[in-house]
Amino acid sequence: MPVASFEGLHFGTNGPYTDGYVPPDVQVAAGPNHIVEMVNALGRISTKQGGEVQTFPLAPFFGAPSTDFLSDPKVHFDVASGRWFATVTDVTTGSVLLEVSVTDDPTGAWTGYAVSTTGCADQPLLGISDLVVVLSANDYSSCTSRPRYLGVQYWVLNKTDLVSGAPARSMSFGPGPTLFSVQPVQSLAPTDTQFMVTVGSGPTSTLTLFSITGVPPGLVLVSRQDFAIRATAVPPSAPQPGTKNKLDTGDARVQDAMWADGRLWLSLDDGCTPPGDNLPRSCARLIEVDTTNATIAQDFDLGVVGKYVFYPALRTDGEGHLIVVFGESSSSEFPGVMVADRSGTDPPNTIGTPQVVRAGEAPETLACSGSVCRYGDYFGAARDPSDPGIVWVAGEYGTASGWATFIAAMAETVRFTLSYSVQGGGSGYTSPILTYVSGGQTTNATLTTTPSVYVLDAGTHWSVPSVLVGSTGTERWATNQAVSGAATGSGTVAFGYAHQFSESFAFRVTGGGSGYAAPSVRYNQFAASVSNRANLTDWVDADSDYGFPLSLEGSNASERWQADSQSVNGTVTSSGTVEVRYRHQAFLTFAVQGPTGSTISPGSGWYDFGGSVQLTVGAPTGWAVGEWQGAGPGAYSGTQASPMVIVTGSFSETAILYAGLTIVAGGGGSVSYTYTGGAGTIPAGSSHTVYVPPGTNVSLVESPSTAYEFTGWSGVATGNQSSIRVTVTEPVQVTASFSLTTTAAFALYSAVGAVILIALLLAVAVVRRRRRALPPPPPPELPLPPPPPP
């Protein structure tokens with residue numbers, strides 16, 4: 001079952017590079033995080049989702065000049081060392097090039113090596129075990145002019161040297177002319193033995209197994225064992241629709257080989273007549289060797305009625321399921337890619353029904369000789385080291401533009417490691433139930449808080465509940481993770497269920513207005529902060545915080561809708577409704593224009609619409625509110641000392657302080673004053689303060705009373721002019737003084753003197769009259785006689 005797939009490299013343009021080689025010789029390898037594909041003569045690194053990471057030509061990758069002819073790439077990822085290994089033959093130099101990655105990241109650095117051949121190395125092969133890396137090739141005297149076969153040559157290299165980047169100590173064997181196409185085996189489990197297998201190029205009834213032990217520069221031993229197998233046959237060429245040209249299905253050499261846990265599987269092209277068919281066709285030969293007991297465990301052909309299959313590659317997954325990828329075509333089907341899988345419980349010498357994973361689109365006719373066109377020369381398969389239940393496969397298919405490759409991840413089963421947890425506490429819920437398919441049967445399992453492993457049939461459906469049993473309409477335990485899907489790959493999932501309450505978030509506005517927007521309420525949902533417009537009801541994590549904005553959108557520097565700061569934040573501890581009140585407010589600016597020390601109350605700020613404000617000014621001595629200047633809707637302009645304003649919008653009020661001019665009219669005359677905006681008279685012997693805007697000119701005119709004359713001004717003005725002008729810039733006083741005229745004074749003094757004379761005469765007369773009325777005075781007293789002598 002394909003659990004992932006994507007297109008690979010193809011003939012023609014691949015980004016900035018053009019590939020004109022035929023056939024592609026497609027290879028694939030899987031690492032912890034990447035897929036590496038190689039063809040003649042390009043490579044590509046992709047993510048496991050098919051995203052292209054890097055496409056590159058093979059010549060610079062292998063450190064070869066761009067003029068060198070490179071062919072037959074191989075690439076593997078070795079789990080034991082965590083390194084990538086890649087090989088290619090350099091026809092120009094007659095050598096096999098080897099690259100080893102420095103880390104498990106194929107986009108990083110690689111270390112290059114090379115082994116020399118005795119001629120032209122055709123189809124170099126690569127195998128890896130715990131201790132050594134083995135390269136093999138079919139040596140020819142030449143790759144271009146009348147090549148003569150020399151035999152199989154293989155090299156055993158010290159793996160530790162390669163992994164550490166040191167010069168590789170190695171040992172070379174051959175060429176052996178009695179051998180052909182000896183396939184080093186890719187080891188997928190720990191082993192100190194490196195195996196190789198060959199069946200020649202067919203027909204044959206013998207399978208030869210080589211066992212290599214030892215590590216260069218020490219003693220390296222190679223043992224050989226022959227096994228009897230059913231006779232192989234050279235496969236016939238495969239027809240394809242739309243052309244008389246057939247596809248070259250190769251010979252009967254070994255195409256691929258792998259070993260794990262004492263079982264060695266190999267594949268090769270073969271000729272057979274599938275059961276139920278009546279024609280000989282090209283088939284895939286599959287052989288299993290029990291290396292522990294040195295026996296052939298299985299030996300059978302994979303044939304498809306009415307189809308020709310070719311270039312099989314294989315791998316087992318971590319559970320021992322065998323995955324085989326191969327090409328297919330027929331007189332009615334264009335060249336495509338098929339996959340078959342074999343379970344460990346299947347009867348011996350059988351395999352599941354093959355399925356097409358990529359159908360062909362056109363015949364392949366790019367490189368034809370006579371009526372046969374090149375194809376293959378091999379496909380690729382690799383176990384995923386991060387998910388051993390997956391085997392990655394790569395194959396070639398036909399398009400109208402030439403060959404193309406396709407990559408797929410195949411799995412028989414996948415392993416889910418699952419657990420769950422609850423955030424936010426609470427009680428009354430039950431554990432989630434996993435529903436899945438295993439062994440073709442639907443199964444239910446209760447998840448626990450401890451991770452447990454579940455084996456699912458690949459591609460089947462699984463599910464867990466999104467809301468736990470025990471939840472209600474106001475309280476629940478829910479997850480926002482994917483709770484169902486297809487089993488497309490092994491993985492670990494910890495389902496997190498959040499304890500949540502159904503919470504309503506509302507708002508209201510007092511004071512009216514328009515132009516505002518509903519507030520965005522911030523709250524937590526599944527441990528993530530979310531924001532939505534009130535009024536709404538949503539599920540909110542228990543014991544998590546929420547928050548409203550302090551001001552509504554639409555507020556500005558002069559008008560706003562404001563909430564009380566203590567009401568906009570809180571914690572959700574139960575299901576309910578949170579309502580926040582926003583007051584419509586206007587910004588009022590209050591100022592006073594006057595001397596230092598002037599004050600106004602209240603101060604500038606935000607005030608609720610519809611409210612009233614009583615304005616009061618504190619003026620220094622000699623100053624008083626002369627007028628108010630207001631601007632904006634509802635503002636007051638006038639002369640009230642302490643006006644009351646109603647808030648209907650944003651406005652400003654400025655109190656203008658006037659300076660006081662105190663006018664004193666002395667006794668004997670009055671003072672008249674005039675200024676722009678006012679006039680009046682100060683009676684004699686009184687005073688009055690006139691408040692005027694600073695800078696005002698006040699004209700003063702003295703007016704003496706009868707018998708009086710003006711004597712002069714004092715205070716802010718001096719002199720004896722009858723009229724003066726005073727410019728008032730601050731509180732001041734001016735006094736007009738008056739005195740009697742000379743005549744009036746003489747008359748006054750004369751009258752006063754007469755009055756005094758009369759008063760004196762009257763006083764004398766009174767005295768005299770009193771004297772006449774008094775009796776005569778008594779006689780004087782006589783003196784006393786002296787005292788007698790002692």
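Q: What does the accessible surface of the chain come to, and what share of that surface belongs to carbon and sulfur atoms?
A: Happy to start there: in this predicted model, the chain has an accessible surface of about 34,400 Å². Carbon and sulfur atoms hold 53% of that area.

Q: What does the radius of gyration of the chain say when set against that of a compact globule?
A: The rule for a compact globule of 790 residues gives a radius near 28 Å, but the chain has 57 Å. The C-alpha trace spans about 200 × 90 × 65 Å along its principal axes.

Q: Which domains does the chain have, and how far apart are the centres of domain 1 and domain 5?
A: The domain assignment gives domain 1 (2–411), domain 2 (413–496), domain 3 (499–550 + 563–576), domain 4 (585–658) and domain 5 (660–740). Between the C-alpha centres of domain 1 and domain 5 there are 122 Å.

Q: How many helices and strands make up the secondary structure of the chain?
A: The chain comes to three helices and 63 strands. Among contacts with a separation of 6 or more, 57% are between residues 24 or more positions apart.

Q: Why is the pair of cysteine 120 and cysteine 143 called a disulfide?
A: The cut-off is a pair of cysteine sulfur atoms within 2.5 Å. The sulfur atoms of cysteine 120 and cysteine 143 are 1.0 Å apart, so the pair meets that definition. Cysteine 120 lies in strand E12 (residues 120–128), while cysteine 143 is in the loop between strand E13 (132–140) and strand E14 (149–158), so the link ties together parts that are 23 residues apart in sequence.

Q: What makes cysteine 272 and cysteine 283 a disulfide, and which hand does their link have?
A: Their sulfur atoms are 1.8 Å apart, and the cut-off is 2.5 Å, so the pair counts as a disulfide. The angle about the S-S bond is -80°, and the link is left-handed. Cysteine 272 belongs to strand E23 (residues 263–272) and cysteine 283 to strand E24 (residues 281–290), so the pair joins parts 11 residues apart in sequence. Both cysteine 272 and cysteine 283 are buried.

Q: Why is the disulfide of cysteine 368 and cysteine 373 given the hand it has?
A: The torsion about its S-S bond is about 90°, so this disulfide is right-handed. The S to S distance is 1.8 Å. Cysteine 368 is partly exposed at 34% relative accessible area, and cysteine 373 is buried at 1%.

Q: How many disulfides does a search of the whole structure find, and which pattern do they follow?
A: The search finds three disulfides. Counting bonded cysteines along the chain, the pattern is 1-2, 3-4, 5-6.

Q: What makes aspartate 301 and arginine 230 a salt bridge?
A: The cut-off is a side-chain nitrogen of Lys or Arg within 4 Å of a carboxyl oxygen of Asp or Glu. The closest N and O atoms of aspartate 301 and arginine 230 are 3.1 Å apart, so the pair qualifies. Aspartate 301 sits in strand E25 (residues 295–302) and arginine 230 in the loop between strand E20 (221–228) and strand E21 (246–247), and these distant parts are 71 residues apart. Both partners are partly exposed: aspartate 301 has 22% relative accessibility and arginine 230 has 40%.

Q: What distance lies behind the salt bridge of arginine 263 and aspartate 290, and where are the two residues?
A: The N to O distance is 3.0 Å, so the pair falls within the 4 Å limit. Arginine 263 is in strand E23 and aspartate 290 in strand E24, 27 residues apart. Arginine 263 is partly exposed at 31%, while aspartate 290 counts as buried at 8%.

Q: How many salt bridges does the structure hold, and which residues are linked in a network?
A: The structure holds 23 salt bridges. Glu7, Arg358 and Glu361 are linked in a network of them. Another pair is aspartate 226 with arginine 224, with closest N and O atoms 3.5 Å apart; aspartate 226 is partly exposed at 44%.

Key
Residues are numbered from 1 along each chain as its sequence is written. This is a predicted model: local features need pLDDT of at least 70, side-chain atom pairs count only at pLDDT 80 or more; totals for chains, interfaces and linings use all residues. Side-chain values use heavy atoms; hydrogens and water are left out. Domain bounds come from an automatic or database domain assignment. Helices (H or I, at least four residues) and strands (E, at least two) are DSSP runs, numbered from the N terminus. Buried means under 20% relative accessible area, exposed over 50%, partly exposed in between (1.4 Å probe, protein chains only). The radius of gyration is taken over C-alpha atoms; the globule rule is 2.2 Å times the number of residues to the power 0.38. Contact means heavy atoms within 4.5 Å. Accessible areas come from the Shrake-Rupley method with a 1.4 Å probe; for residues, only the protein chains shown count as cover.
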